[in-house]
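Subject: Structure for your review

Dear colleague,

Please find below the structure that I am handing over to you. My notes on what was found in it follow directly after.

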Amino acid sequence: MLDGTIMSELAVLGGNPVRRRSFCQWPQYLPRDAERLQEVLESGRWGGYPLPGRYSGEFAERFAAMHGARYALCVANGTIALITALQAAGVRFGDEVIVPAYTWDGTATAVLFAGGIPVFADVDPDTYCLSVESARQAITPRTRAILPVHLAMRFTCMDSLLELAKEHGLKVIEDCAHAHGGQFRGLGAGSMGDLGCFSFQESKLMTAGEGGIVITSDLRCFEHLQTQANCGRASLTDEYKQRPIGSNYRMTEFQAAVLIGQLDMLPELAAQRSRAAARLGEALAAIEGVRPLPPQPEITRESIYCYVFQYRSSGRGVSRDLFVSALDAEGIPCDGRFYEPVYRSDLFCATPDAAPQLCMGRDRPVDYAGVCCPVSERAAYDEAVWLPQFLLIGDTQDVDDIAAAVAKIMRNLDDLATADPSLAGLKAMSRAERPKHERHKNY
């Protein structure tokens, strides 16, 4: 033992890491992107007004077509996309919206900002997407909509969910922040429900640094979106004469100019990720103590925002957080607490003072302290391992290094079991606190 650390081949315990070189840079861009940005700069039309602009209109049209929707509207970011979609779908103050517990906090806080009340349902243990049966149990007379999230590399079972929504007269808004270009049973992400929302934040499969888009095939919803995002101005068609309270949620032309190049690159990058994910899944399946997520045959075009697998060796005295810390030390960027159950997250500050709809028309305010979604909690704290998508757009050696690092840790798990648990370090810290210490990360 040296300075309280076991001598081991594991890098976290003083050994040499599997990998010393970086993975591919993210974001990626094309030479033509700079030309488009220069064109915007010289045009004098930098903002989002009049709506849509030249590039935001072109991008929205192409993006909608890729996903099989009639309409699309570019907005400032993914959270704004969700808020505007919820309001366009008719969610009113005090209405309940069912959301998966295992997701980014913004899925639920968007419901609060739209005036609704998020109601948490558990996720499927093989996909980590919303469990339709758990959603069924969460329906009450106050429920207005369901907000499924297509998470990481899997889809919510949309056939069953849409049947459930139809049975109860509920709207469906798809959170597709991880699913750009993906298809489920031949239908594009975001096109199966009433509206679909995407993010273009810097870590996403397509990015303009920030940004978002809403797609729909419902003209009434599309007109509502345009008016709401454009300071209350009438939509271009204005058939339904809707006049919701508006704000400025527009995307700039600089962002849209970059996104056109992102759209051009998406098919080849998606194909690269799919090939890499298949190779990685085959390698991980041969390693005892870890489990790749089972295939989802209904996916007809993959979109892999993060590659997720399950750590299944906690019985040997090594926490998932310590495992991912050891994997990170081997030169493989990764995370375990990528998401926490939203109702337990430090970022979800839903109190009656902050969100008065939690009290309206109720004997007692909505209290999230008693919520328990066991699959979500197991994923967040014991099981899920997240690998960012840029690990999958390099060469086969990148994939083989990931598998080799996982195999190395599992081979030396007994050494890790007798090490100081505090070696988990930042990996055991909440997502609310960690960014102060990880200023270099964009994911």
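In which sense do β10 and strand β12 pair, and over how many bridges? The two strands pair in the antiparallel sense, over three bridges. Helices (H or I, at least four residues) and strands (E, at least two) are DSSP runs, numbered from the N terminus, and two strands count as paired if DSSP finds at least two bridges between them.

Some notes on the model itself come before the rest. This is a predicted model, in which local features need pLDDT of at least 70 and side-chain atom pairs count only at pLDDT 80 or more, while totals for chains, interfaces and linings use all residues. Residues are numbered from 1 along each chain as its sequence is written, and side-chain values use heavy atoms, with hydrogens and water left out. The chain has a mean pLDDT (the predictor's confidence in each residue, from 0 to 100) of 96, and 99% of its residues reach 70 or more. Confidence is lowest in helix α12 (residues 413-417), with a mean of 95, and highest in strand β5 (residues 171-175), at 99.

The sheet β10-β12-β13

Three strands make up this open, antiparallel sheet, in the order β10-β12-β13. Its edge strands, β10 (290-292) and β13 (384-388), each pair on one side only. Direction ignored, neighbouring strands of the sheet are turned by 30° against each other on average. Axes here are lines fitted to C-alpha atoms, for helices over the stretch in contact, and angles run from 0 to 180 degrees between N-to-C directions. Within β12 (residues 306-311), Phe-309 stands opposite Pro-292. Helix α8 packs on the sheet and touches β10, β12 and β13, and its direction makes about 10° with that of β12; contact means heavy atoms within 4.5 Å.

Ser-274 belongs to α8, which spans residues 253-284. Leaving aside residues up to four places away in sequence, Ser-274 touches Glu-302 and Ile-304. The side chains of Ser-274 and Glu-302 are joined by a polar contact of 2.9 Å. A polar contact is a pair of N or O atoms within 3.5 Å; within protein, one must be able to donate a hydrogen and the other to accept it, and residues adjacent in sequence count only if both atoms are side-chain atoms.

Five of the five residues of β8 are buried (under 20% relative accessible area, with exposed over 50% and partly exposed in between; 1.4 Å probe, protein chains only), so β8 is largely enclosed by the rest of the structure. Both of its faces are covered, with Leu-195, Cys-197 and Ser-199 on one side and Gly-196 and Phe-198 on the other. β8 runs parallel to β5, to which three bridges join it, and Gly-196 is the bridge partner of Glu-174. With β9, by contrast, β8 pairs in the antiparallel sense over four bridges, and Cys-197 stands opposite Val-214 there.

Ala-81, in helix α3, is buried with a relative accessible area of 0%. Residues that Ala-81 touches include Cys-197, Phe-198 and Val-214.

Helix α7 (residues 219-229) is mostly covered, ten of its eleven residues being buried. The elements that cover these buried residues include β1 (71-75), α3 (78-88), β8 (195-199) and β9 (212-216). At the start of α7, a side-chain oxygen of Asp-218 reaches to within 2.8 Å of the backbone nitrogen of Arg-220. After α7 comes Cys-231, with a positive phi near 65°.

Aromatic pairs

A search of the whole structure finds 21 aromatic pairs. Rings of Phe, Tyr and Trp (its six-membered ring) pair if their centres lie within 6.5 Å; planes under 30 degrees apart count as stacked, over 60 as edge-to-face and the rest as tilted. The rings of Phe-59 and Phe-200 have centres 5.6 Å apart and planes at 75°, so this pair is edge-to-face. It links distant parts of the chain, 141 residues apart: Phe-59 is in helix α2 (residues 54-67) and Phe-200 in the loop between β8 and β9. Both residues, Phe-59 and Phe-200, are buried. Phe-348 and Tyr-368 form another edge-to-face pair, at 5.2 Å centre to centre and 70° between the planes.

With kind regards
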